[in-house]
Each structure stands twice: as C-alpha cells, then as structure tokens.
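Subject: Structure handover

Hello,

Here is the structure I said I would pass on. Please open it next to this message, and read the notes below with it in view.

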Amino acid sequence: MAGAAQQELKALVLIGGGMPKAYWYRAGEITASDLRPGTLVEVPLQKRKVPGIVVETGHPDLGFDTKPIHRVAPDSARLSAEWLELLRWISQYYLTPLPLVLQAGLPKAATRFLFHPPKRATKQPMEKSIMPVGKNLDPTAGQSIAIETISKSLESGSHGAFLLHGITGSGKTLVYLHLAKKALALGKRVLVLLPEIALTPQTIGRFESFLGRKVPAFHSGLSEPERRDLWKKIFAGEADIVVGARSAALAPLENLGLIVVDEEHDSSYKQNDPAPRYHARDVSLFRGKQAGCPVVLGSATPSLESYHAALTGKFTLLELKERATSSPLPEVEIVDMKAQQEMQGYQHLSIPLRDAVQQALDRGEQAILFLNRRGYSTRRVCRACGETRMCPHCAVALVHHRSTRTLRCHYCDFSISADSPCVKCGEHEMLDTGRGVEKVEEHLHKIFPGVGVARLDRDSVSRAGEMERILEEFKAGETRILLGTQMVAKGHDFPKVNVVGVLDADAGFGLADFRAGERAFQLITQVAGRAGRHKGSGRVFLQTYNPDSALLQHALKHDHAGFFRDEIERRREHGYPPFRRLLLFEMLSRKEEEVVKAMEVFALILNELAPQAHADVLGPAYAALKKIRNEHRLHVLVKGDYPNQLQWLADEAVKRFAPSQPKSVKLRMDRDPVSLL
C-alpha cells in the first residue's frame, strides 16, 4: 500500500500569506490533465481549507503521508504556462525560492478572487475614449527609420532587442507610440516600462491621446485594492496595453507583441529589497524571447552593458541624433567654483548661473536647478566639541530637515528634534555643514524675491498627488524655478525651460562603486537635456571643483560615445560588466562578531569552489555603509565568466554553508547588482 501511495500523483501547492510556503498534496481523484502547474486548488491546512496554486506535479517519494486536494478552480482561473515559466526563470536566475517570486508577481488574496474569475476576453475589449491629439505627430526621418526597422520584427512575430539611443528631446516617445499602434492593430498586447511613477501620468496622457483609448497604469503607488483590480483585468485579457514602473514587468500579459523599456539605463529598474532582486530590463528581454516579440530599450545615456551589446551585434542599434523640434542641444558651460569662491565668497549659485536664471526670468522663461541632496544640511556638528550627530542605528550622519525641525536618517527613518543637544558634551549650539535642497530653496527666495520656486524631492511629495501638482504648476508657469533632486532629471518636457543648473556636478564621483562615474554622467546628461527642448538655445551650467574632469569634459560636448570609450576600457581592465558577471553576497547581523566569523567561513567555501566555476572572489570586507538598521553588513563579490557556473557556485556554497550558519546571521544574494554600496 505504501508503494502505491508513493506512485500516486502529487502536487506542490503554494499557500499564500505573509511568508508563503509550498506543501505537497496528493491528487486523489483529480486527474493529471486537471492538475497542471498554474492550477488553482483548495487544500486542507491545519483545520482550515485554503486556496493555493500548483507549482509542480509529479510522483515523488516523500517518505510521509500527504493530504488530498479538496477541489480545483475553473480552467479560466489557471495561470498561464508562459507566465509561470517567467517566474521560474526569475526564481532560478535571481537565486530566489519560487514562492517568494510568486508572491511578488501576485497581488494579495489573488488565489481567493481567482476562484471566481471574470470571463476571459477574446478580443480587445478595452474601453475606448477617443481623445484629441496635440501637436503634429508625424515622425522625423530618423524616427521613421527606427519605426520601420522595429516594425519588421513586430509584423513577422520575431524576437529582436533594439537599443534606441536618442539624444534628449529626440522624440523617442513618438517612436514608442507608433509601434504600440501597430502592435495593437495586429491584435497584440503592449507593455511599456518607465523608471519612475512620476513619469507615468505624462506618458499615459500621450499614449491615450495618440491611441484614443484608456491606458491603465501599473506601479507600486497603487493601493492594494487598486493593484488587485488592475491585475484581474490584465489576467482576464481586458487590458491590451499597460504602462507602469518596475513591477509591471511581472504583469500577467499574454499575447505580447511589443515591450518598451524607456530610460533603460535607470537603476530604478533593479529591485533591491525584498527578494527577488530582479532587473526589470532583463526580465523584459526574457519575456520578449518568450513571446517572440521586439523589445525596445530607449535612452539618451544607455547603460554600458546595453551599448556594448549593441556595438557587438547582440542588440540592434538605432540612433536619433537630432532633436525632434530641430532645436540644438543646449550650450554647456563648466563653472570652476574655486574661482567663484575667490571672487564672491561661498554662494549656492555661481555668478554666471545666477545671471542666466535672472535673464531667463526676464524673458518669461523658466529654470531647473538640480542638487541631489535632500534636507537643509547633510550633517550637524557640535560647535563646542566638533561631534557629528550620527544615526544610532546606521553608520551615517543625520540630515537636518529644517522644514520639520528634525534630524533624520534616510536609511532607517529614525528622527529626533533638531534642537537636541550634543550627545557627547551636551552643547545646544550646532553648526550646519553641507547643503541640501531646503537650504538652496531658502537662498533662491532671497536672490529672486517674488518669483515662484517649487521644490521636488521625496520630502515635498510625501502625500498622494503632490508630485503631479508640483509638475503641473511648473508646466503651467505658476512657478518659475524648479529645484530638486534626481526626480527633476527624468523624462520631463517643459517647453519654457531654457536654463539648467547642476549645483554640484562632482556629487557621486568618489563613491566606492564601479558604476559611480557612469551614474554621474547619466544624471548630468539627463538633467542638462531638460533645457532648450522647444525654442531658443538652452544653457546648462555645471558647477564643479574639478573642471578638468574627463567625465565633465564629455558632458560638456554631449559626448556619450567618448565617455563610453573611456569607461569601457576601465571595465575591461578590472573585469567588470559587460566583460564579467557579478554575484554579490551580503551578510547581516546585529551581532558584529558573529557576522564577521560567519562571513569568513562562507568566504573560505567560495574560494574552494571558485576555481571550478572559473570565478574570482573579492573580500570579505565591510560594506561601504557598514551598518544599517542596527545590522552590521559584510560583502563578498564574485566575478565570473559563465552565468550557469556562477549559479552553480551560489547554490553549492549556500548548501555547504547552511549547517554552520548562525540563526542571528542573514545571507542575501544579488545577481547582477547595480550598486555595491
């Protein structure tokens, strides 16, 4: 009897909840054809009957008795084999248990509502709402070439990866619009990814206007009921086009005909915590292969990996070298702040930048000022003893937020009153050092009295709808100067902006990360591209203490190709992507001694296995941010030549380390990390 029980069909069923787990159940009287992966079932768990999802079937010899599945949901509720294959790939590649990946891809309570699913749509039932088009949307010669080239892949139903490298203002979005229209006309579905929620309303407005239909937005800013309702519509085939941020890459869209990843270089596409630590761009490329459809990666500053792939023939390179409005790229001026200080003392805006902003205001134009630092000052120092006020939970200085009279940690959100005395000597008098956007905002009101100034950063948009309000008021001319962090750099199109100032072009240069220079160049180029997009010649000012920096000299000339040539040689020399693959192991614990000892043991295991995997091990070493949320952090970085062997190395190392891993120590793995901090 035991042998017969072992041969009976069984199913591994994912049970949802805060920490999802999978359990084996026997099929009982349910046939194999009714119990395929993706099937929704009801199973006994303790004294309840709960919904779950079949993730695997087979006849394993488990060595213990299993309970029978209670019932099976209708076929219309079955998750597609293609979507499950995607989640399995994410699980395998990003070294994450499948239950956690499924949890990331499914809204809460998905198994409950799918037991009563809506009828699947057979055609395109998306509600149509014809809206008037704006300006002339006929493509330029360069845009036409890109559209025609990608359309061949779209119409033939063949996969192809296309890098659309277009300078800022070249009209990449119009290319996406025409391609989306073609895909929809062929009865296919479209997925468009954006790096930031802030860009979603603007982009959706363009798609709705051009296509004459409603376009749903899928992103992390949705409430759980909103996300669940939208997921149901996508699952039922009621949404033929979806625009969204990173999480939209996991949406259950079938019959895909086109995938667009706008601003493909942006690090926001990488999920850091919690697992799975996937990259939405790479997930999109996998989905394109699955569906046999073109994937368009667009950027004015492509990632080195994507640009290298295009130059070596892995991707098809398409370039837009002129602005769609025929306006020239803005004139860039490097301002040596050492000389400025000698002339005028310390000021946030140099004389050339201040004069240019005033002239723009006099002409009825607008200006954008960029400083990638939140708060009023980046640290507070005791006037008596020189002690810096640090976060008690993280190895970082507290940031002074004058608007709320608090000192705050931007990693764990700890805060105290800004009037708190020095913890070392009790002195109340403090000195603010290092400027943030709040301090610059205060200065702008003094030098441009009566001029509307808007600040755009994470603190100013903490409430729902604030970001849209700030951007709409600026676009309408109700505010004249927009000051902000990197939120102002991404994809915005403001016709009256002809002056852009980067207040600290050196920011990010010295970070202990091999991508630091690339990120700095991309950010400077992107924010500079907001100037002069429609009329007149824009002006950009890069304030720096390193005017001879090669990176800034490339930015001065809008020279992405030159920057790429310099940076790619450094990557080649030191064995970083795209020449080698990376795998980052991180250990965390509140007990510093335990995490140090555990990481030493784990590093020894990695070093033993590395030769077999043709890999090199760097570390262990403390992370650049040694402690966050009371947890001490150590890193080991592995460089390898072969993805499959890196995967084997990770699996084998974790298996060997598991028996000796202390309960107080957590181990995290990050495949293809975008940050090493």
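This is a predicted model: local features need pLDDT of at least 70, side-chain atom pairs count only at pLDDT 80 or more; totals for chains, interfaces and linings use all residues.

Which residues does Arg-633 touch, not counting residues up to four places away in sequence? The list is Glu-586, Met-587, Leu-588, Tyr-622, Ala-623, Leu-625, Lys-626, Ile-628 and Leu-677.

Arg-633 itself lies in strand β26, which covers residues 631-640. Its relative accessible area is 9%. Buried means under 20%, so Arg-633 is buried.

Now the chain as a whole. It contains 19 helices and 27 strands. Taken along the principal axes, the box filled by the C-alpha atoms is roughly 95 × 65 × 45 Å.

Of the 677 residues, 55% are buried. The accessible surface of the chain is about 29,600 Å², and carbon and sulfur atoms supply 50% of that. Among contacts with a separation of 6 or more, 76% are between residues 24 or more positions apart. As for charge, there are 91 positive and 78 negative side chains, and the centres of these two sets are 4 Å apart.

How confident is the predictor, and where is its confidence lowest or highest among the elements? The mean pLDDT of the chain is 90, and 95% of the residues score at least 70. Among the elements, helix α1 (residues 2-7) has the lowest mean, 54, while strand β11 (residues 294-299) has the highest, 98. Over residues 122-133 the pLDDT stays under 50; the model has 27 contacts beyond four places in sequence for this stretch.

Some details of the backbone are also worth a look. Most residues other than glycine have a negative phi, and most peptide bonds are trans. The following places depart from that.

- The peptide bond from Asp-273 to Pro-274 is cis, with omega near -5°. Pro-274 sits in the loop between β10 (256-262) and α9 (280-291).
- The peptide bond from Pro-577 to Pro-578 is cis as well, with omega near 15°. Pro-578 belongs to the loop between α17 (560-574) and β24 (581-589).
- His-614 has a positive phi, near 55°, although it is not glycine. Its loop joins α18 (592-609) and β25 (615-628).
- Asn-630, also not a glycine, has a positive phi near 70°. This residue is in the loop between β25 and β26.

Are His-614 and Asn-630 buried, exposed or partly exposed? The relative accessibility of His-614 is 43%, so it counts as partly exposed. Asn-630 has a relative accessibility of 23% and therefore also counts as partly exposed. The class runs between the cut-offs of 20% and 50%.

If you want a place to start, select Arg-633 in strand β26 and then show the residues it touches, including Tyr-622 and Leu-677.

Regards

Definitions and conventions:
Residues are numbered from 1 along each chain as its sequence is written. Side-chain values use heavy atoms; hydrogens and water are left out. Helices (H or I, at least four residues) and strands (E, at least two) are DSSP runs, numbered from the N terminus. Buried means under 20% relative accessible area, exposed over 50%, partly exposed in between (1.4 Å probe, protein chains only). Contact means heavy atoms within 4.5 Å. Accessible areas come from the Shrake-Rupley method with a 1.4 Å probe; for residues, only the protein chains shown count as cover. Lys and Arg count as positive and Asp and Glu as negative; His and the chain ends are not counted. The place of a charge is taken as NZ of Lys, CZ of Arg, CG of Asp or CD of Glu. pLDDT is the predictor's confidence in each residue, from 0 to 100.
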